[in-house]
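Student: I would like to go through this model and ask what each label rests on.
Tutor: Go ahead; each label will be set against its definition.

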Amino acid sequence: MDLDRHAHHFAERFGLLLIILLGEVVISAGNSPVAGEVGVAGVWAALFAAMVLGAALWWLYFDAAAELNLRVLELSGGSPAIARAIFAGGHMLPAFGLILTAAGLGLLLEDHDPPLAAYWLAFGGIGLYLSGARAFLALA
């Protein structure tokens, strides 16, 4: 089997996984104001900020995805198993970071007095995503 074809599928699958998780960030932000006070300007500002955050996280990853995929191919040395392992390992931290961010944003936007854990989830998730994406990009 051809490595280029395999690596292309690995890159596409992990990119699609991150798109789904970024969608969870947007959904968590979008569902919260629906349940709350829709007429309040602060709610709309928070919703807009959460959408901008989701777009920025998307841009950060997909801006460098093409060159990242080429570098993973070089690092794998022609082995589909190694390429798969590099893609899977490199996407774990950003994926978990997005899950934490979505949970934190949902809690922050739902309540008038959110728990302290909501801030830790949101900001810790963003930090985990950024450090994971940076580490993966630095590896590549």
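Student: Which residues of helix 2 are buried?
Tutor: In this predicted model, they are Leu47, Ala50, Leu53, Gly54, Leu57 and Tyr61. Helices here are DSSP runs of H or I with at least four residues, strands are runs of E with at least two, and both are numbered from the N terminus.

Student: Why is Tyr61 called buried?
Tutor: Its relative accessible area is 7%. Buried means under 20%, exposed over 50%, and partly exposed in between, with a 1.4 Å probe and protein chains only. Tyr61 therefore counts as buried at 7%. Its C-alpha atom is 8.8 Å from that of Gly15, a residue 46 positions away along the chain.

Student: Why does Ile19 count as partly exposed?
Tutor: Ile19, in helix 1, has 39% relative accessibility, so it falls in the partly exposed class.

Student: What makes Leu16, Ile19, Trp58 and Trp59 a nonpolar patch?
Tutor: A patch takes residues with over 30% relative accessible area and no salt bridge; nonpolar side chains (Val, Leu, Ile, Met, Phe, Trp, Tyr) are joined within 5 Å, like charges within 9 Å. A salt bridge is a side-chain nitrogen of Lys or Arg within 4 Å of a carboxyl oxygen of Asp or Glu. Together the four residues have about 430 Å² of accessible area, computed by the Shrake-Rupley method with a 1.4 Å probe, where only the protein chains shown count as cover. Helix 1 (3-35) and helix 2 (41-63) each give two or more residues to the patch.

Student: How do you know that the span of helix 2 is close to the expected one?
Tutor: The expected span is 1.5 Å times one less than the number of residues. Helix 2 has 23 residues and reaches 32 Å from its first C-alpha to its last, against 33 Å expected.

Student: Where is the kink in helix 4?
Tutor: At Met92, shortly before Pro94, with a value of about 35 degrees. The bend is the angle between axes fitted to the seven residues ending at a residue and the seven starting there.

Student: Where is confidence lowest, and where highest?
Tutor: By pLDDT, the predictor's confidence in each residue from 0 to 100, helix 3 (residues 65-76) is lowest at a mean of 68 and helix 4 (residues 80-110) highest at 82. Where pLDDT is low, predicted coordinates should not be read in detail. Local features need pLDDT of at least 70 and side-chain atom pairs 80 or more, while totals for chains, interfaces and linings use all residues. Residues are numbered from 1 along each chain as its sequence is written, and side-chain values use heavy atoms, leaving out hydrogens and water.
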